[in-house]
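Work through the exercises below with the coordinates open. Each task is followed by its solution in steps.

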Amino acid sequence: MRYLPLTNADRQAMLANIGAADIDALFVDVPDAARRDGTVDLPRHQGEMQVERQLSAMAGKNMTASTVPFFCGAGAYKHHVPATVDHIIQRSEFLTSYTPYQPEITQGTLQYLFEFQTQVSELTGMPVANASMYDGSTATAEAVLMAHRVTRKSRAVLSGRLHPHYTAVIENLSEMGGFALAQPDMAPQGAEDLLALIDDDTSCVVVQNPDFFGNVTDFTTLAAAVQAKGCLLIVAVPEVVSLGLLKRPGDMGADIVTGEGQSIGGGLNFGGPYVGLFAARDKYIRQMPGRLCGETVDADGQRGFVLTLSTREQHIRRDKATSNICTNSGLCSLAFTAHMTLLGGKGMRQLAELNHARAVQLADALGAVKGVEVLTPAFFNEFSVKLPANAAQIVDALADKGVLGGVPVSRLAPHAGLDDVLVVAATEANTENDVAAFAAALTEVLS
Amino acid sequence: MSEKQTFTGNRGLQLEEALIFEIGSFENCGVDLEDVPQVESRLGDCAAQGDIDLPGLSEPEAMRHFVRLSQKNHAIDAGLYPLGSCTMKHNPRLNEKMARLPGFADIHPLQPQSTVQGALELMDSLAHWLKTLTGMPEVALSPKAGAHGELCGMMAIRAAIEAKGELAARTRVLVPESAHGTNPATAALLGFKVDGIPADASGRVDLAAFKEKLGDDVAAIMLTNPNTCGLFERDIIEIADALHEAGGYFYCDGANFNAIVGRVRPGDLGVDAMHINLHKTFSTPHGGGGPGSGPTVLSERLAPFAPLPYVEKGEDGLRLVENNGDAAHNPFGRMVAFHGQMGMYVRALSYMMSHGADGLRQVAEDAVLNANYILASLKDVMSAPFEGPCMHEALFDDGWMKDTGIDTLDFAKAMIDEGYHPMTMYFPLVVHGAMLIEPTETESKAALDLFIATMRDLVRGAKEGEVERFKNAPELAPRRRLDETLAARSPVLRWQSPEAKQAAE
Amino acid sequence: MSKKFTKDHEWISLEGDVATVGITDYAQAQLGDVVFVEVPEAGRQVAKGDDAAVVESVKAASEVYAPVSGEVVEGNDALEGNPALVNEDADDSGWFFKMKLADQGELDGLMDEAAYTAYVKELD
């Protein structure tokens, strides 16, 4: 077996050295009732070629984003990732190292985490960011728990335009943890009176920008009003590229900013692994979940980096930890940092402008299709349209024509009564031909 | 060893590297982007004011920056990485290649299910392998990492207790004192009261103490098996039976499943829920701290509560059930957006198919053999707190260091100078100055022999008073010991320009 | 009065009706370099055994329990900017908080210096 270096002669010699008659002697503590002599009922080992053949066959059954006009978003976005990024994350020293608990021999990981934290801090406009969470949805749920800790209250108000999966994750954790929620009904546009839902036990208000339907909103006024009521404002950003062109949540006055970093450095990967971003105000550092990397010096006075403030974490604080999180998204944060380093602030701005321009073109093209109404007045690279028929069926019909034409709201929120609403996204990966092909296919399907 | 000072601070191939903020410039960009078409902005009142204050690097500069950083890391590919409980085994590159097939890497989680049947097939195959290997009827694939899988298992338990109307009564979760910190943190997150169970003299759960703690207010036990001392819990079936009789549920932390995969099925031990770290047992890379993946297998009693989403066989192919209401059973909710760590599923399945049922059994046997070889080869000079064979990791304490003037940390740092990553230290907490060594099955006998010889020489040095070899270590790594007190007392968590720093003062 | 001690390594020293509470020199040495201290706000009511403060070193975090019941009248703000005071002077300027006692009789249950010294000796 190609992954196992021991030979049978090695095994015999080692058993003799240990003083064990056979390998079974080392499993002596396993109760008789649980011992299995034969192998389990699964195929035997196979060579690379055989495995590759079978997995390639599975992969071949899927319609890939790069091969068709593609407009799905809703929390996962198709962007171009420079070839350099994938090379960097496949460096052995990054790919096959562990959490940097021995800082003297993991400065590579630690330094890029410090760079990552700085980039996230700068993009969100927040003073501190952690070294990443699992993804945007879990980061947002953790932010709610953090707000409860900070304010010692136990109820959260969620925007009705929060990504339905984010809402579901928060709902689940809240129900299990004994916390309350309030949320208005989901509507593609129009004002939401979130302030009216705040009561004495409310710790935070959670909004999303751009929201699930694509609306972009300046939350500056809301932030001040929420804080005046003793609550924190949490802003979730599921499309991080938007920060290249939109006012930063930190500048709006947010207390905690969470985000999905997949768009920078990450592929679609059918939903994971992604990378959660988490940033907050300085004064809340000790209530933050997840790992933090900090600057220090070594015994010779040279600058170096370490994981720090770890007394917040489960391996020290155990049942009093700020979160049960242990593993983060290390390698995805490296991909993020490498891609962001290639872009720089200037490239990030241009990338965002390209996304916005393509989305504007798409909105104009779809809006011109008979029976289609664009619902989102102000947006970044994603917006909603109202269709004259069931959106899920239209998406299926489009797929039959080789166009992946967005995400029907009913896929995520089947009971919202928005069966005719479709969320579509355009990015720099779309060409003008893609836009034209989408509009043409939609016209055909609707006629 | 040369003490030569250099102008650059570099030492031959060991190169110093500044932060991107110190070498990049705002004008630079390593990506050629298209010109932006002229359109009328629809950003409303939300357009950014001012530039994004981040530097860019050209492609060659960026490549050099990250390659230089990489050279400051220890890695499995470069050398033995004996971190106990972390399972730093070889990461096959076939897995990486498979995960990058566009059919897996370039598909959107919400595109029509008819266009991703191959992806659902992969998830279904992975589920089949995991269920068969563990002897459990159901698996929740979506948890993002081990701790998230623990949360999943404990949520399923909580949902089952609630369904029986016993939530108010069952408030206590029993957790052995040797448990990983995520266990008590997870229980506390769900509002349970954590109650510690002591270990007995053999390093296992004290059965009598455990039985004494049982009662109708016990929700569950969270037990790691093999446990964090690297030992199989001999009484595990008796523990499960007693717990079930008292109406509690058995959560098994599967962090150490790699020791028994293919030989023992947790389903035969009375386990109700167990997470599996794909990045340990099934070789997906640790990546410097993630991403992980923590599928959680569930017993018959918990299967109805498995979270969304899950794959089921429908009339025209496989179907992903994503919402409540269209489910035949009673999911406790959703743990994550989308469907979990697809990229990790592909890698793990690629590994399982490569090894097959026979190879996986050999994996467990070789992992246990390698650990016992280390235990047997070092226990005459280092002190082992427990008698008998270990499973996949060998545990030592600092008893043998008494009067040497060095401690576990010093010993670990001296290993760095010898080219090794240290073992896990000061964990589990039940052993003083613990040193937990897990070689994994992917080390050759020659590699183990050199490691053992090195360890024996270090022990000899410690006992013969070579204090400086330890107290000053590491001396040959990219950095000497770092001042963690300074880092924690005045946290600097992001780079600031010299001007900004000055302004802040 | 002379200091009294708890098994959790806190000291308490009464002057008039206000007592000062800190952790012992033994405790600070066990913790190592203290990097953060959270002290209670004035006005907080604490019962004997309640979590009253938090002390953190690089590798450990520990609750400081109220040795007796009463009302906190002052937290040691100096520790916020200079947690190292706990290491340098645990017995005096590194105090954590001052409290007004609800029942001075509770002090009788605590150890005196000789008893605490013997207690610590047993731990080593």
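**Exercise 1.** Is A:Phe379 buried or exposed?

Solution. The model is predicted: local features need pLDDT of at least 70, side-chain atom pairs count only at pLDDT 80 or more, and totals for chains, interfaces and linings use all residues. Residues are numbered from 1 along each chain as written, chains are lettered from A and ligands numbered from 1 in the order in which they are written, and side-chain values use heavy atoms, without hydrogens and water.
Step 1: buried means under 20% relative accessible area, exposed over 50%, and partly exposed in between (1.4 Å probe, protein chains only).
Step 2: A:Phe379 has 0% relative accessibility, so A:Phe379 is buried.
Step 3: A:Phe383 also comes to 0% and therefore counts as buried.

**Exercise 2.** Classify the ring pair of B:Phe411 and B:Phe470.

Solution.
Step 1: rings of Phe, Tyr and Trp (its six-membered ring) pair if their centres lie within 6.5 Å; planes under 30 degrees apart are stacked, over 60 edge-to-face, and the rest tilted.
Step 2: the two centres are 6.1 Å apart and the planes meet at 10 degrees, so B:Phe411 and B:Phe470 are stacked.
Step 3: B:Phe411 belongs to helix H11 (residues 408–417) of chain B and B:Phe470 to helix H13 (residues 467–471) of chain B, so the pair ties together parts 59 residues apart in sequence. Helices here are DSSP runs (H or I, at least four residues), strands likewise (E, at least two), numbered from the N terminus.
Step 4: both B:Phe411 and B:Phe470 are buried.

**Exercise 3.** How many aromatic pairs are there over all chains?

Solution.
Step 1: the count over all chains is 16 aromatic pairs.
Step 2: one of them joins A:Phe379 and A:Phe383, a tilted pair with 5.1 Å centre to centre and 45 degrees between the planes.
Step 3: ring pairs also link A:Tyr3, B:Phe282 and B:Tyr351 into a cluster.

**Exercise 4.** Which ring lies under the charged end of A:Arg286?

Solution.
Step 1: a charge sits over a ring if NZ of Lys or CZ of Arg is within 6 Å of the ring centre and within 35 degrees of the ring normal.
Step 2: for A:Arg286 the ring is that of C:Phe36, with 3.5 Å to its centre.
Step 3: C:Lys3 lies over the face of C:Trp11, 4.1 Å from the ring centre.

**Exercise 5.** Describe the make-up of chain C.

Solution.
Step 1: chain C has four helices and nine strands.
Step 2: their order along the sequence is β-β-β-α-β-β-β-β-β-α-α-β-α.
Step 3: of the 124 residues of chain C, 48% count as buried.
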